[in-house]
Amino acid sequence: MSPSSLQTTTLQALSTAAAVVYTTAVTLDSTTAVVSSFAGNVSELVADSDNLVRLPQASGIAALVADSATGDAKKPQLISALVGAKDLISLIPTLRGLARQRSPVLVLHVPVSSASDVSDVLAVRDSGCAILRSTTQQGAVDYALAASIAAQRLGTPFVHCFPAGAADSIELQGYAAGSTQEAVRAYLQGEKPPSSEAVHDVVSQALAMVVGEAREAVSYFGAADAQVVYVTFGDVVSRAAVGAVAGVGVVQISLARPPSAEALGQAVPASAARVVALEHVRRAAAGWGPLFFDLALVPWEHRPILLNGVSSSAGLDALTAEQLEAITAHVLTLASPTHFDAAAVAGIPEDAAAPAPGEDAPSEAAAVGAYGQLLRDVFGSRLRVANACESRSIWGNGGRAESTPEFGFGRLAAAAQERTRLAAAVTAVLRDVSVPLSRELHAALAAWLGARNDPSVASASAAAQIGELLKAEAASSPALGDVLGLRAHLAAQSDWLVGGDAWAYDVGGSGVHHVLSSGLNINMLVVDTAADPAAVQRGGARKKDVGLYAMNYGSAYVASVAVYASYAQVLQALAEADAFPGPAVVVAYLPRAASPIAVLQQSKRAVDEGAWPLYRWDPRHEPGPFQLDSEKLRRELADFLKRDSALAAVARATPRLGAAIAPASVEARAGDRLARKARGDVDALVSGLAAGGPPLLVLYASDGGSGEEAARRLARSARRRGMAVRCMGMDEYDFEELAYERTLAIAVSTAGQGEIPTAGREFLKALLATAANLSETAFAVFGLGDSHYWPRPEDAVFYNKPARDLDRRLAELGARRIAGPGLGDDQDADGWEAAFGAFESQLWGALNLDVVSSAADEPEEPPARTDEENKAISNFLRGTIAHAIADSSTGAVDEWDGKLLKFHGTYMQDDRDVRAGRLARGEEKAFSFMIRVRLPAGVATPAQWLAMDALAAEHGNQTMKITTRQTFQLHGVLKRNLRETMRGINRGLMDTIAACGDVNRNVVASANPLQAHLQPEVARLAADISTHLLPATSAYHEIWLADEQVAGSAEQTSPTADYEPLYGPAYLPRKYKIAIAIPPENDVDVFAYDLGYIAILDDAQETILGYNIVIGGGMGMTHNNKATYPRLATCLGYVPKDRAVVVSEKVMLVQRDHGDRSNRKHARLKYTVDDHGMHWWREQVEARLGFSFEPARPYAFTRNGDRYGWTKSTPGLNNFTMFVQNGRVADLPGSPLKTALADVARKHTGNFRLTCNGHLIVADVKDEDVESITRLLASHRLDNLDYSALRLHSMACVALPTCALAMAESERYLPRLIDLLDQVIDQAGLRSDAIVIRMTGCPNGCARPYNAEIAFVGKAPGAYNLYLGGSHNGDRLSKIYRETVTEDQILDALTPIIKQYAIERQEAERFGDFVIRKGIVKATREGKDFHDV
Ligand code: SF4
């Protein structure tokens, strides 16, 4: 078809749409896509156009665009599509993508049914496309062509809306002639306009070219001195009507996007006192239309009163003079910016279906309503909002059950299940050839099954059609009954829970957590109406960033939107959330503000300044799931990335700059950066932008926590001085931004061989590699180290090395040192804090902030507490634990709750194997909890064993540890499972009360099976002491066991507060440990405890008479701090056994009252003993007892290991002691120990005894069961004792990966070291000679290394201090033999000694005694000479 024949064809029955299609397809030689309902009539008219593509759905346009964007010159450069207004929303992603690329250009022609209603078109106003409007049928053809010309000229997508409907005739003007095509071609090949600001000019030029006369994108008609000016998008008010009303004018906009505030301002006459945006807003988000907001952004010289004359009814487009006059009269009565219902004022009948306009300032419910309207618009009948979202309850004020998120979630989860059942039923029917189905129903069901989640396939109409077929055929085919019964679930719904920002304060209770963890395809819309979106506190509750929280899950779609900042982005996010096949969370901003202008301004400010960043996070997206949509922030990011590229270029030119800025690394780090952005950098940026005062960045790297403590102290101090502070771990910081920091303070600990702690490695690496110019940055570094850590003078270089390295490198890069380097030294009496004060003074002095202003005297954070204060204010161990464990936004608890949790028997830990990687990715550490059971004397029934076994499998890391203190320990319990695990332990008739903390711990007792006949008595004593010294607080039951608080309260002053008769509110200065031994076996290491009972037997060794009481033992110390040392307990005297329990109390009370509460490193009872002496202690305890100790009675210990194999000492009962390497009960390849022991527990009818050396006794096996148990043990190879005596006497603490204090491996490494030492032992012929050998990962001494014959104490990864000379029976401490030795050095050191021992030992001489006799080490006589070599 040629252009000239257009007239003859179209004049008869040409629709405007056909003209539009024809015009753009033929005149400009473009590809034209025609979508869905238009395809029929239009394609008939232009069927011979090669360039016409018929698409069944609008989504096909995206594919067409993608196909044309290949750079192939043969592909069309212009795609001109005819789509329905409702299709626009689904095209937003395509438009947004095209707005950033120039080819191909897309022009969407959209017929609108009402001349005034362009709601659907304006929905895409923020998508980056230009929006042009024609209001007549002739204009539609003119503008179609003009839009296509302008789009190609500018490389910008256009949306052109035109009035739908048939046309009798259209005057085709000059452009149909070839001359226009020539002119257009010349124009398009001419010099491109310089920037997007030229859009208005280009559109005007294009229109002039098409219609032969200039037309402005914004024009004015009416009175030159108009008092009232109406602003319309398109030809809404007729010139005739305007001419008939005095003092009225109209600004008519034909190009709505990009908006031209300048053109708008110029078009309105200065005489205007009222400017009215007159618009049809069917989608009445809070009642304000888009035109109004464009007006609000005009920089008025003489600001008129802005009004929004909205109408949700049709009819504004045909205003008569009378109606216009009525509106004008009304407008003149309005004296402040507001909206009014123009249709109502004009007397236009109300459209029953139209929603009423919203309120002035959106209330919370109105805010949800506004977004709810969007949901309705986007999803129409597919929308299913499961909770009563307008209810007050979602704002945290209580309300109907059906408005709660749990209710909604339950509904949706149930619906999902029903739909799954429906799919199963359909599958069954289709597979069953015996079910008679009509061909039509079979095809419909098959199509449904294949695309049941595609709303275009599983649509409401398709569902209705299938429903009808089912009803018709079910009678003859009963097998269809299930499908018929579930037909209500045929249609694919868009499922939503809608709530307010109250949910952000309670992500656990709000359903956010439930939805995310369910994995179901449920969407959440959380509307934040806070005036300040960055505010994080409300009524004492902490607001969570729901978006970040959701992103942490890693598998949910997340978006942050703001309707008045980017309408199109909201629609895009809603559509993407709906399409995402899993949970989706959209957090939406709509601030409460006094006026609509304030709403708009606040929205824009929050978005532009980053307080409310717009983003979308889709975990499926490659290369990164995070897309920042905030235009302004994106520009800043682009600038930043430009710098990154420049840096990469430098790196390529200068290879020595290394990996930190090499291209590959840049990519890798870009990934990290995205992750960090998603998790927190935007927040950090926001807080940096939002906070006042000079900026300070405080970074830290610390393994033990001291470096972080120093950093946080600096941060608090700086805030009090009015600085805007960010404080974070070094590797959490985005290194690329370093050059833009003004002031940087670093606190860094020293690890290992002078290394930087793990969490600072990447930062240091990058700093060493970079060539960045840091001349704009002032810095100060404070280090924490130990000047005596390395004994050799040549190793002095390692002291505070990371701090000195950082300080030197920062200076080399041009940064200006303003303080330090400060060098904190553990050897100082006050530790690192001694140097910290001077460092701080220097820093604040350099910043002229050494005087804190009086206004800043009030600290903005609560001052750090001491441990003593923390206990005292905890309300008897409650603290905020209940709140902390219910907070599902983090896997951690804070420091202070963490300390209190120990009293409840649990420690927070993190997996240190993955710590560095997680920090590098900006993730939270892999926090979990260790739980320790209170198990006096280590006696457990088989049922209790099975209970622990099940809990380890369900909530722990699939293993159990038999600890060196005779109890069970679970590791890897996530916070969310903590309460359930505690309850499980209690269901097993055990508890964890006081298993850790500054209280009496688990009481241990001899498990020597050779004295099994005495064990019930010592086990009972252990239980009695444990019960007697239990904390009295009801906090444990309240927090872990009760369904709700049953006693006490969060208020210390509550009349229901607990009372601790023994401990008082501050409990003990430190832990208190008790052991009971039965000579001649010292299997409990009785001298290693604060209080020890040594049983004194009658002459027949059959009965316990009483106990020698020893006090002041303890293992813990700090490397190279001679003020700390291990100590063995010393004897107070003897008491008869009926007085044993009371002794435990009175010794504890002396320690409670006289222990050192000012220094936790000096707070153990052993130091109180050495400080006051035994005489003083005896007096103190006797005074409280009311009787005197008798002189100690004789006894003798011979050994301190376990007795393996079968033993018997009680008639009729037998015991089998098995070797459990380092107490770890786990299923390992080829060694399923955990499974095997569970099997034994299921069959064993006696007890289990856990030993203090981490092994296990299958105890109290009846004579008649010995054979079956022997077979059972053999079948699981649990009877294997074929190990060297060295291994059988080995013990290691947990250490890495879970212990936060570990400096080196222990449990995971000792078996390997023993493998190596076994070779030496075998060569020396000592395989059967027991030598007690122990290892710990740090000097705290959990595996009692200092009374072993050979011991290794971790100092750094792979490096240990080697101790020798402890006694074989545990009554003498060892002495250091070698410092900081590695595996090779250990073997070099021990091999000759072991060989020498084999040759030169005396009869029955133990290894520990031998090394002393030979002078290899000096004997340690008491704790105070432990460090004397
Ligand atoms: S000795 Fe140290 S490393 Fe080992 S478990 Fe105890 S605190 Fe942790």
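# Close-up views

View 1. Buried here means under 20% relative accessible area, exposed over 50%, and partly exposed in between, using a 1.4 Å probe and protein chains only. This is a predicted model, where local features need pLDDT of at least 70, side-chain atom pairs count only at pLDDT 80 or more, and totals for chains, interfaces and linings use all residues. Residues are numbered from 1 along each chain as its sequence is written, and side-chain values use heavy atoms, leaving out hydrogens and water. Arginine 1344 isn't a glycine, yet its phi is positive, at about 50°. Look for arginine 1344 in the loop between strand S46 (1333–1336) and strand S47 (1350–1356). Strands (E, at least two residues) and helices (H or I, at least four) are DSSP runs, numbered from the N terminus.

**View 2. Asparagine 800 is another non-glycine with a positive phi, about 55°.** The loop from strand S26 (778–785) to helix H28 (801–812) holds asparagine 800. With a relative accessibility of 0%, asparagine 800 counts as buried.

**View 3. Helices H17 (residues 439–450) and H18 (residues 460–474) pack at about 135°, their axes 10 Å apart.** That angle makes H17 oblique to H18. For the bookkeeping, axes are lines fitted to C-alpha atoms, for helices over the stretch in contact, and angles run from 0 to 180 degrees between N-to-C directions. Under 35 degrees counts as roughly parallel, over 145 as roughly antiparallel, 65 to 115 as roughly perpendicular, and the rest as oblique. H17 passes H18 in a left-handed crossing; left-handed means that the near helix is turned anticlockwise from the far one by less than a right angle, right-handed that it is turned clockwise. From H17, Glu440, Leu441, Ala444, Leu445 and Trp448 meet Gln465, Ile466, Leu469, Leu470 and Glu473 of H18, where contact means heavy atoms within 4.5 Å. By type, the residues of this H17–H18 contact split into seven nonpolar, one polar and two charged. Nonpolar covers Ala, Val, Leu, Ile, Met, Phe, Trp, Tyr, Cys and Pro; charged covers Asp, Glu, Lys and Arg; the others, Gly among them, are polar. Alanine 446, also found in H17, is partly exposed at 35%.

**View 4. Helices H36 and H38 (residues 1140–1154) cross at roughly 40°, with axes coming within 9 Å.** That makes H36 oblique to H38. Their crossing is right-handed. Leu1021, Asp1024, Ile1025 and His1028 of H36 make the contact with Ala1140, Val1141, Ser1144 and Glu1145 of H38. Serine 1026 sits in H36 (residues 1015–1028) and is buried at 2%. Leaving aside residues up to four places away in sequence, serine 1026 touches Arg934, Pro936, Asn1000 and Val1003.

**View 5. An open, antiparallel sheet has five strands in the order S28-S29-S32-S31-S40.** At the edges are S28 (906–910) and S40 (1224–1225), each pairing on one side only. Two strands pair if DSSP finds at least two bridges between them. S28 and S29 (residues 927–932) run antiparallel, joined over five bridges. Aspartate 910 has phenylalanine 927 of S29 as its bridge partner.

**View 6. A cis peptide bond joins proline 1079 and proline 1080, with omega about 15°.** Proline 1080 lies in the loop between strand S34 (1074–1077) and strand S35 (1091–1097). Another cis bond runs from glycine 820 to proline 821, omega near 5°. Proline 821 belongs to strand S27 (residues 816–825).
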